[in-house]
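Trainee: Could we go through this one together? I'd like to know what stands behind each label we put on it.
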Amino acid sequence: MSERDNMLARIREALSVAAPLPGHDHATVRETPVLSNIADQRRVLPAVGQSFDEQLVLFRANAAELRADFRLLNGVDALAAELKGLRDAEGWQRVASHGGDLTEAACRALGLPVLLTDQAYDKRELAACDVGITGCDALVAQTGSVLVTSRSSGGRALSVLPPHHVVLARREQLVPDLPAVFALLKAKYGAGYPSMISFVTGPSRTGDIERILVLGAHGPKKLTILCL
Amino acid sequence: MKVTLFIPCFIDLFYPQVGVAMARILEKLGHTVVCPEGPACCGQPAFNTGYWDESREVAIKVLESLQGAEVVVIASGSCGAMMKVFYPELFAGTKHEAMARELAPKCYEFSAFLVNKLGVTDLGARFPHKVTFHDGCHGLRELNNKRPPRELMAKVRGLELVEMGAAEICCGFGGTFSAKFPMISTAMGEVKCASALETSAEYIVSCDSSCLMQIQGLIDRQHKPIKTIHLAEILVQQ
Amino acid sequence: MSTAAAQFNQDARRLSADLRHRQTIQTAMGKYEVARDQRKTAFQDWQAARQMAAETKWVAVNHLDRHLEQFVRNIEARGAKVHWASTDEQARDLILGILREKDARVIVKSKAMTSEEIHLNEAMEHAGYEVVESDLGEFIVQLREEPPYHIVFPAMHLTRDEIKDVFQRKLGDAPSNNPEELTMVARRVLREKYLQADVGITGANFAIAETGMLSITENEGNARLTAALPRTMITLVGIEKVLPRLEDLALFLPMLSAMGTGQTLSCYNTMYGGPRQPGEMDGPEEYHVVLLDNHRTALLADAEQRDSLHCIRCGACLNVCPIFRNVGGHTYGTTYSGPIGAVITPNLRGLNDWKHLSYASSLCGACSETCPVKINLHHHLLQNRRNASRQKPSWWQKLAFKAFAPMATRPALWSLVTKMGRLGQKLHGLVKGSRLDPAYAWTKTRDLPPIAQQTFKEWWRTRS
């Protein structure tokens, strides 16, 4: 008998006795517990506006509170201009990115040496880059989060190793809430998930020293979201 | 109606004036008050210490003496919680389980009885002092007793209520806990007293005399400039 | 009294009287409470969310075998290797075996309470590996050679000066006591370690059965880096961490963050489903998942307390517990502190040796009230006390309660007790506050009220 068989046998034996139903305030106990659906979750989670505009406003407000830099732009030309401005202000010299319409346009506009992480690369070279520019799978209004995956956003390290993470998004990628974004993930990747899926909610931070907020603990100190 | 008043051991011995106040208030409202002769304790000390058999010996007598009662008003939140919430657990699987379940809905802590059952908040009381309120844990969490004491205090003439930051934090009594872990119990009591003193109140009020015993014990030892009083003692003052 | 109990008493005595410690913790908790309450208010129905979460975990744990099998099937399909560890020793051996096979030298870790539980760091260091904790709080306590103080805030008890001091001593690098500068020192040191590390070891907050993924919640990005850069990744996870479906995270991630840190969401919530997949150019080539039992199945078998396995390790119960706030995390002397620790430790490590944790509570119920998955924590403390006194009764206590029963139920005896009590109190004055005082536990720090001249029962009798 393998350890797996041992453990599963122990578990089955243990579960042969029924446990009390959840919720010890008797008013709310159901006959059989059920798993929540999207509507159930929406009823309890924080409210998001009904319209796209309201949700955009919410995303913007959340991003601001998280100290993420969110900029709404009109078109690829505006994107190029914004990126050049950032390059000069931040003093970028080396850029890391991955293939894709927006990211390629961005790298062209910057005119800096580019390390691509969707082909074999040296992690120490990535560590020497000033900024990681990625696409994303979604923006979540409810939480101010950016959804990246190892398939859509240049692997695992690109969005977390360089000290500045720039996300290129389209406003159609804005989804209202977490139930919606998990539905999106299932629809998009259900046949074969990437090995990493990450919700990035603001720049890296810690409160471990006297509960004082410090940004850039290990991940990027700056998160910029450029949204077309 | 006929109200059965249950007076726990520490009120009987140390704070009889609380029980007396309750009896007088209920009678003034026109109800008949009866006090079961037999039981002097709800059985919580043994229950909390894990000696459930021994606890049942005491609790069974309580069940028996309260059988057929119309309503039971308990003079403390902790004993009220014991009878209303924990008796069903104590007697689960025993032949007294049905009796325990039958008793539970008839149990009320005193302030909850006045406000929730009788719909009474104004007793014509007068207590011109600044007070702060300590929410005893059993009353607060097991019996959901946040509002009734405050509704009653709102109608007391001259009374000014200032809430303390640590109102809902345990005072550190916890029954035998106070003797088994006296250093932790004392620290918790000190946190409570410090929070009360910050309000500049003259009195700490509560619906639980066991909590007040702990708090007053510290106040006396440390000579703190504040006093404790049970809500019933306020309500009986005209 | 067990050794652990004696140590607990000693430490509790010291910490309860430590006013500086009391102030530090109170300040930290105050900040947390404000943020936490804001998050709870933002939920449209927090109480309904708790019930939903409780039911989800009930389904997860009460069908644990099915969910574990599903989880393993799905993550193995993507090339992960799953190992089953019934004991802490097996888990350590499995992990050391992987390190040997991979010829590892430097190991970087993100926070894993399970690794504390099995004393993994000591075992790895003993075997000659360089082990670096990457979470800032864990990094700090590792330098100080002490265990984490709190499952979410490992360095809650330390001031910036104490942190500056250990950085100076152990790293030779501490420009000031400014939290930002100290954090940057750690960032610099750890960045190099992530790049050097051969193996990254993580814990996990949830194991998703439906899609075969491990979900990791963090703020710093240290787990993201631990999972991105080293060639081999290991996740050590308790078997109880299962959730049935991916979308259950839509509920659990915000609840975990709200209660754990008072945030809408923590900075990084990441799901890992395997080693690097075809087409991916980074990430570990090998991904090992070690499923840890270590007495969890024993807890599972206790149907009354099975829901303690629903715990999502948010730390909220620690934060509201007045005992925790006064004695601090180290006093518990074991991996899991606070109310959840007091509930599960006697069941995981031995009832007789650890029952004192279940007794060291005033049963205020704040823990049960706050728990996002509605674990009936304070009732479990009572059940542990009952089980402990059945397993090893204290004869003098049993006798005392037995003797109390007739006194508390027969009017004549109670009347006698009252009269003897009055006499006893008169004599008590002679020994009060001294070591001869039978009520010393109370009178050391508090006064006792006198028995009334006329008790209630005596007054009542005069009326009729």
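Mentor: Leaving aside neighbours within four places in sequence, I151(C) is in contact with M113(C), R313(C), G315(C) and L318(C). Keep in mind that this is a predicted model, where local features need pLDDT of at least 70, side-chain atom pairs count only at pLDDT 80 or more, and totals for chains, interfaces and linings use all residues. Residues are numbered from 1 along each chain as its sequence is written, and chains are lettered from A and ligands numbered from 1 in the order in which they are written.

Trainee: What makes M113(C) a contact of I151(C)?

Mentor: Two residues are in contact if their C-beta atoms, placed from the backbone, lie within 7 Å. M113(C) meets that test with I151(C).

Trainee: Why is I151(C) called buried?

Mentor: Buried takes 20 or more other C-beta atoms within 10 Å of the residue's own, exposed takes 12 or fewer, and partly exposed is in between, with C-beta atoms placed from the backbone. I151(C) has 21 within 10 Å, so it counts as buried. I151(C) sits in the loop between α8 (136-143) and α9 (160-171) of chain C. K111(C) is 40 residues away from I151(C) in sequence, with 9.1 Å between their C-alpha atoms.

Trainee: How do you know what counts as a helix or a strand?

Mentor: Both are DSSP runs numbered from the N terminus: helices are H or I with at least four residues, strands are E with at least two.

Trainee: What makes β4(C) and β7(C) a pair?

Mentor: Strands pair if DSSP finds at least two bridges between them. Strand β4 (residues 199-202) and strand β7 (residues 232-238) of chain C have 4 bridges and run parallel, so by the definition they pair. Within that, G200(C) stands opposite M233(C). They belong to an open sheet of 6 strands with parallel pairing, in the order β1-β10-β7-β4-β2-β3 (chain C).

Trainee: Why are β1(C) and β3(C) called edge strands?

Mentor: β1 (81-85) and β3 (130-133) of chain C each pair on one side only. From one strand to the next, the twist averages 20 degrees.

Trainee: How is the direction of helix α10(C) compared with that of β2(C)?

Mentor: Axes are lines fitted to C-alpha atoms, for helices over the stretch in contact, and angles run from 0 to 180 degrees between N-to-C directions. Helix α10 (residues 179-196) of chain C packs on the sheet, touching β2 (106-109) and β3 of chain C, and makes about 120 degrees with β2(C).

Trainee: What about pairing between β9(A) and β9(C)?

Mentor: β9(A) and strand β9 (residues 268-272) of chain C pair in the antiparallel sense over 5 bridges. There, V200(A) stands opposite Y268(C).

Trainee: How many residues does each chain bring to the contact between chain A and chain C?

Mentor: Chain A brings 72 residues and chain C 85. On the chain A side, α1(A) gives the most, with 9 residues. That side has 36 nonpolar, 21 polar and 15 charged residues. Nonpolar means Ala, Val, Leu, Ile, Met, Phe, Trp, Tyr, Cys and Pro, charged means Asp, Glu, Lys and Arg, and the others, Gly among them, are polar.

Trainee: And what makes up the contact between chain C and chain B?

Mentor: 49 residues from chain C and 50 from chain B. α20(C) supplies the largest share of the chain C side, 7 residues.
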